[in-house]
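Hi,

Here is the structure I promised to pass on. Have a look at it first, and then read my notes below.

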Amino acid sequence: MDAQEGDMEKLLDIGSERALLASLLQYGIDAQVIVSDIISVDSFGNLNNKALYRCIEHVISNDQHPDIVTIMSAAEHLKLSERLKTEQELQYIKSLYDFPVTPENTLGFAVQMKKFEFARKIQKLTNKIHKDVGAVNGSESIDEVINILEEPVTDFLREDDGGENPEKIGEGIEDYVKFLEENKCDIIGVPTGFTRYDEAIGGGLRRKCVDLVSARPKVGKSVFADNVALNVASQGIKVLVLDTEMSKEDHLNRLIANISGVPINEVATGKFTEDNTKHDKVNEAVAKLEDIPYSYISVAGKPFENILNLIRRWVAQEVKTDESNKTNDCVIIYDYLKLMSSSSITNNVQEYQALGFQITSLHNLCVKLDIPCLSFVQLNRDGITKESTDAVSGSDRLIWLCTSFSIFKSKSPEEVAEDGPNAGNRKLVPIVSRHGAGMDDGDYINMQMQGAHAKLIELRTRNEFKNEPVGDTGLVKDMDKLKNELADTETESE
């Protein structure tokens, strides 16, 4: 071994590598989602640990838990058996299952390994520069001498930045247009079930985007979330709802009421059993909920980093990718962006800064995983009267990174009187949209919320109600839709 190889061997933390491998072996994908954005096979300095990590990664990617059998099978597949099947190495692997480690500590070990990975890369880079400088003979130009340092350093920084390079905007455009020609669709994103809202924000919930809806407390954010989740899941698209406040039972009561038409209180108290028709409706709702791909998890009190890991794990385990390694269709619904505890504000970090961190991290995750997210946030007290971006808690930082921002609020008595009895009791106001046309000033989407049944119905816009004659076919259909929904609910509740 020469001096250079000896120095490289010193640039590793064998203890952190051992602990990280132990965590991956013991906790499988739960540990992998924590470190997947940080480490790679190159993060390991020890060759045997590097080989073992490759096997563990292979096992987890095939939806298996890494045990001795699956690890050895992966070693055969990856042609690493010669390195891992020695008696000494087998004993080492077995010892990792008894190594004291918890998922909470895993991230720290990964960060430690990443430091040494960068150090090894820098040492390799400087060794090459030193060698090239030593070969200078004076025939080179000044630019060529400077380039001995500049080019490898630039390449190193670009590699650390993901390896992306600027490219001409027209490069690959023919293939892109051909793809569009062969994959026509009515809507770009995932439909929410609210067609006017989808149109206003640019074609439903798009991949790599976070669409934000803001409302005052008790206006119906969770009802909005559940209705979108139910609409999306009913299309066969997988949905994950992450809730910071309500329990699973609360959601079930609302969803059953929404589908069956039986009031929430009768569902929650079991009084639906006193009426055979209602009992049948509830059973039908239960059967539907068992059949649709609607996933729920309570994240009350969890650190935001843990919530992001839950999303990563769900996408990896439940959604997965297609044959071209593209994430299958899904929707994340996060209800809602807020500080999870008073300890979230530390080191003079204000609430708006903490919320800015959350939306930044959520947006980056959606880009990385190629998924859409619908998230909610509280309106501040200004939102009672204002309908602008400064009415949201956390303000600018939330608006900067969301793809669209809308306000959902109760109508004032004056608005109810002006719009008429058939124009609903809620309004949805798309304020800004990166992809969609949004709405004209003063216009909004009329919504009817039936609180007793946790149902939200999209009606026509304010301008449509104002500008179309009473006898207009579209308006009549809209009024009939509302009347039928209300009539069905009343019939099912009798």
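Let's start at Asp 370, which sits in the loop between α17 (351-369) and β5 (373-378). Keep in mind that this is a predicted model. Asp 370 has a relative accessible area of 13%, and buried means under 20%, so Asp 370 counts as buried. Its backbone is worth a look too: phi of Asp 370 is near 60 degrees, a positive value in a residue that isn't glycine.

Why point that out? Most residues other than glycine have a negative phi, and most peptide bonds are trans.

Lys 320 also has a positive phi, near 65 degrees, and is not a glycine. You'll find Lys 320 in the loop between α16 (304-319) and β4. With 36% relative accessibility, Lys 320 is partly exposed.

Now follow the chain into strand β4, residues 330-337, where Tyr 336 is found. The peptide bond from Asp 335 to Tyr 336 is cis, and its omega is near 15 degrees.

Next, go to strand β1 (residues 210-215), which holds Ser 214. Ser 214 has 0% relative accessibility, so it counts as buried. What does the side chain of Ser 214 reach? It reaches the backbone oxygen of Val 377, at 3.2 Å.

Last stop, the surface: Ile 173, Tyr 176, Val 177, Phe 179 and Leu 180 form a nonpolar patch there, and together they have about 470 Å² of accessible area. Ile 173 belongs to helix α10 (residues 173-182) and, at 46% relative accessibility, is partly exposed.

Cheers

Note on methods: Residues numbered from 1 in each chain as written. Predicted model: local features only at pLDDT ≥ 70, side-chain atom pairs only at ≥ 80, totals over all residues. Heavy atoms only, no water. Patch = residues over 30% accessible without salt bridge, like charges linked within 9 Å, V, L, I, M, F, W, Y side chains within 5 Å. Areas by Shrake-Rupley, 256 points an atom, 1.4 Å probe, with all protein chains shown as cover. Salt bridge = Lys/Arg side-chain N within 4 Å of Asp/Glu carboxyl O. Helix = DSSP H or I, 4+ residues; strand = E, 2+ residues; numbered from the N terminus. Buried < 20%, exposed > 50% of the residue type's maximum accessible area, 1.4 Å probe, protein only. Polar contact = N/O pair within 3.5 Å; in protein donor to acceptor, adjacent residues only side chain to side chain.
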